[in-house]
Amino acid sequence: MRWSQLYVPTLREDPADADAVSHRLLVRGGFVRQLMAGHYSLLPLAVRVRAKIMGIIREEMAAIGAQEFVLPAMHPAEIWQRSGRWEVMGEEMFRLKDRKGADLALGMTHEEIFTVLSQELRSYRDLPQLWYQFQTKFRDEARPKSGLLRVREFTMKDSYSFDVEPAGLDRSFDLHRAAYERIFARLGLPAIAVQASSGSMGGSASVEFMSPSEAGEDLVVRCPGCDYAANTEKATSALPAVVDGPGPDAPERFDTPEARTIDELTRRHDVPAERQIKTLVYVVDGRLTLILVRGDHNLVEQKLIDTLAATVVRPATAEEIQAALGASPGSLGAVGVAGLPVLADEALRGRTDMTTGANTDGVHLRGVSVERDIAVQRWADLREVTAGEPCPRCGTPLEVVVTIEVGHIFKLGRKYTETLGVSVLGPDGGRVVPIMGSYGIGVERALASIVETHHDGKGIVWPVAVAPFEVAVVVLGGSDERVTETAEALYRELRGERVDVLLDDRDERPGVKFRDVELIGIPYRITVGARGLAEGTVEVTTRATGETRSVPVAAAVEHLRKLLTAAV
């Protein structure tokens with residue numbers, strides 16, 4: 001490709017609305033342009049990178065025996081209604097009607113549609129099956145941001161496995177996990193495999209692949225002393241045991257007229273946060289529910305959702321709380337409460353002589369023994385783990401890392417095959433319902449995440465495997481016939497070696513050409529100029545290190561071939 005024929009609208013200044021490194025550099029480098037919030041046009045350079053990412057994924061999917069499909073992006077509502085997810089997906093699902101009034105959806109994911117196709121499987125001999133696709137997904141994000149990292153329209157590589165029994169699903173899951181580890185290694189993406197929640201997809205044995213980045217929105221808890229790692233939605237820690245005093249025989253009321261928060265109760269009444277019971281009121285699938293956590297701990301809503309297998313969860317309004325408990329937030333507690341479900345975090349189990357709200361505005365109770373005074377109906381791990389808490393496996397202080405989710409794999413079980421009526425003839429002649437797994441990678445998010453990992457003050461530093469071009473041949477002094485002929489010869493020879501090469505034949509100043517090559521991140525640059533040719537050499541510059549070497553013209557292509565081979 002010749003730069004004079006290529007559409008690369010680079011910018012000298014950062015876009016004003018860019019809040020992530022990848023967003024800034026992909027816009028400046030002429031890779032993407034925003035159409036509207038959450039929707040981006042991919043320009044030629046981005047298309048080339050995307051194609052290489054997809055090529056790597058295809059190779060690794062083929063290596064585990066997966067077959068590629070392309071399924072519709074628009075789905076009839078009836079299939080989603082049968083699975084029960086038409087309501088579960090809520091406002092994130094784009095819904096529309098056709099001219100006949102039929103309800104339709106733009107696909108957020110394709111579990112249901114692949115399951116419908118699996119209805120044609122006949123026998124256990126047809127299994128296992130590993131099916132995948134690259135398809136556009138649509139999610140009506142409330143707050144799209146950070147360029148390609150949080151969008152409303154994106155390409156997903158989603159794959160699905162169908163097996164006869166759990167042991168087969170274990171094998172399919174392990175095959176995908178190993179394939180994903182190879183994919184991210186080849187993409188140059190550091191990815192931590194962590195325990196996670198399956199969320200609205202359902203299922204179990206959920207693993208997310210998280211790439212550390214300050215642009216991320218997910219927190220990962222990991223142990224530097226062992227291999228423990230989990231999303232905060234699943235993370236646990238080994239809190240040290242607490243020995244409480246016995247406290248009084250019954251809770252005692254005391255006035256707290258100006259203490260409506262955990263911190264205010266600590267400051268004004270000398271009650272440490274770790275000795276307080278925080279009472280949260282949620283509406284869970286339409287029912288008011290009390291959630292209890294320690295005063296210095298935070299609730300993880302996804303843990304609550306997973307614990308109760310809930311569909312719709314939201315904080316209760318002040319009016320709902322007042323009607324049920326007779327008090328305002330800041331004076332709430334579960335002592336003596338009857339008729340409402342009460343869930344408590346495990347960190348409160350066995351605690352005595354604690355303090356909580358009295359369900360009277362401006363009044364608290366001290367001397368509360370949780371198991372004596374509160375009718376806890378269910379105990380669960382509900383709290384958020386924080387940095388420095390002991391690892392549940394080895395006791396080493398845990399770290400909390402900001403990350404981007406770049407992949408997610410989980411075992412779906414038989415949720416969809418049972419609901420949608422899929423069965424095959426089993427080995428004993430009876431009917432068997434296949435068991436499923438689901439495995440996804442966001443392609444454009446992976447592209448942006450690579451930029452988040454690989455950049456410097458000059459621009460993007462693409463790994464060779466995904467770079468839009470591997471080598472740029474930069475012509476300095478296009479009016480010099482010898483310079484032009486040498487550059488053209490090197491360009492032809494590199495193409496003959498199947499090197500992905502870009503010839504910068506523009507009539508621009510050297511500084512402009514160098515800045516553009518550095519900005520768009522081409523791994524290697526060959527500079528052809530009259531001064532070097534007078535000595536029979538060209539310059540070869542490595543983008544990642546900035547190192548420049550003078551190489552004889554006759555040896556330049558072989559030198560580049562060795563550099564590329566070593567890099568890949």
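Residues are numbered from 1 along each chain as its sequence is written, and side-chain values use heavy atoms, with hydrogens and water left out. Because the model is predicted, local features need pLDDT of at least 70 and side-chain atom pairs count only at pLDDT 80 or more, while totals for chains, interfaces and linings use all residues.

The structure holds 38 salt bridges. A salt bridge is a side-chain nitrogen of Lys or Arg within 4 Å of a carboxyl oxygen of Asp or Glu. One of them joins Glu-60 to Arg-182, with the closest N and O atoms 2.7 Å apart. Glu-60 lies in helix α2 (residues 44–63) and Arg-182 in helix α6 (residues 166–187), so this pair ties together parts that are 122 residues apart in sequence. Helices (H or I, at least four residues) and strands (E, at least two) are DSSP runs, numbered from the N terminus. Glu-60 is buried, at a relative accessible area of 8%. Arg-182 is partly exposed, at 34% relative accessibility. Buried means under 20% relative accessible area, exposed means over 50%, and partly exposed lies in between (1.4 Å probe, protein chains only).

A salt bridge also links Asp-158 and Lys-137, whose closest N and O atoms are 2.7 Å apart. Asp-158 belongs to strand β8 (residues 153–163) and Lys-137 to strand β7 (residues 129–138); the two residues are 21 residues apart and link distant parts of the chain. Both Asp-158 and Lys-137 are buried.

Lys-303 forms a salt bridge with Asp-381, and here the closest N and O atoms are 3.0 Å apart. Lys-303 sits in helix α8 (residues 301–308), and Asp-381 in the loop between β20 (378–380) and β21 (399–413), so parts that are 78 residues apart in sequence are tied together. Lys-303 is buried, with a relative accessible area of 4%. Asp-381 is partly exposed, with a relative accessible area of 28%. Elsewhere, salt bridges that share partners join Arg-12, Asp-504, Arg-506 and Asp-516 into one network.

Leaving aside neighbours within four places in sequence, Thr-232 is in contact with Leu-219, Val-221, Val-300 and Lys-303. Contact means heavy atoms within 4.5 Å. Thr-232 lies in the loop between β12 (229–231) and β13 (252–255). Its relative accessibility is 11%, so Thr-232 counts as buried.

Aromatic rings were treated next. Rings of Phe, Tyr and Trp (its six-membered ring) pair if their centres lie within 6.5 Å; planes under 30 degrees apart count as stacked, over 60 as edge-to-face and the rest as tilted. The count comes to eleven aromatic pairs. Phe-69 and Phe-114 form an edge-to-face pair, 5.6 Å centre to centre, with 65° between the planes. Phe-69 lies in strand β3 (residues 67–69) and Phe-114 in helix α5 (residues 111–117), so the pair ties together parts that are 45 residues apart in sequence. Phe-69 is partly exposed, with a relative accessible area of 23%. Phe-114 is buried, at 0%.

Phe-69 also pairs with Trp-131. This pair is tilted, at 4.9 Å centre to centre and 35° between the planes. Strand β3 holds Phe-69 and strand β7 holds Trp-131, so the pair ties together parts that are 62 residues apart in sequence. Trp-131 is buried, with a relative accessible area of 7%. Phe-69, Phe-114, Trp-131, Tyr-160 and Phe-162 form one aromatic cluster.

Charges also sit over rings. The rule requires NZ of Lys or CZ of Arg within 6 Å of the ring centre and within 35 degrees of the ring normal. Arg-95 lies over the face of Trp-86, 4.6 Å from the ring centre. The charged end of Arg-525 sits over the ring of Phe-514, 4.1 Å from its centre.

Two strands pair if DSSP finds at least two bridges between them. β13 and strand β19 (residues 363–368) pair in the antiparallel sense over four bridges. Val-363 in β19 is the bridge partner of Asp-255.
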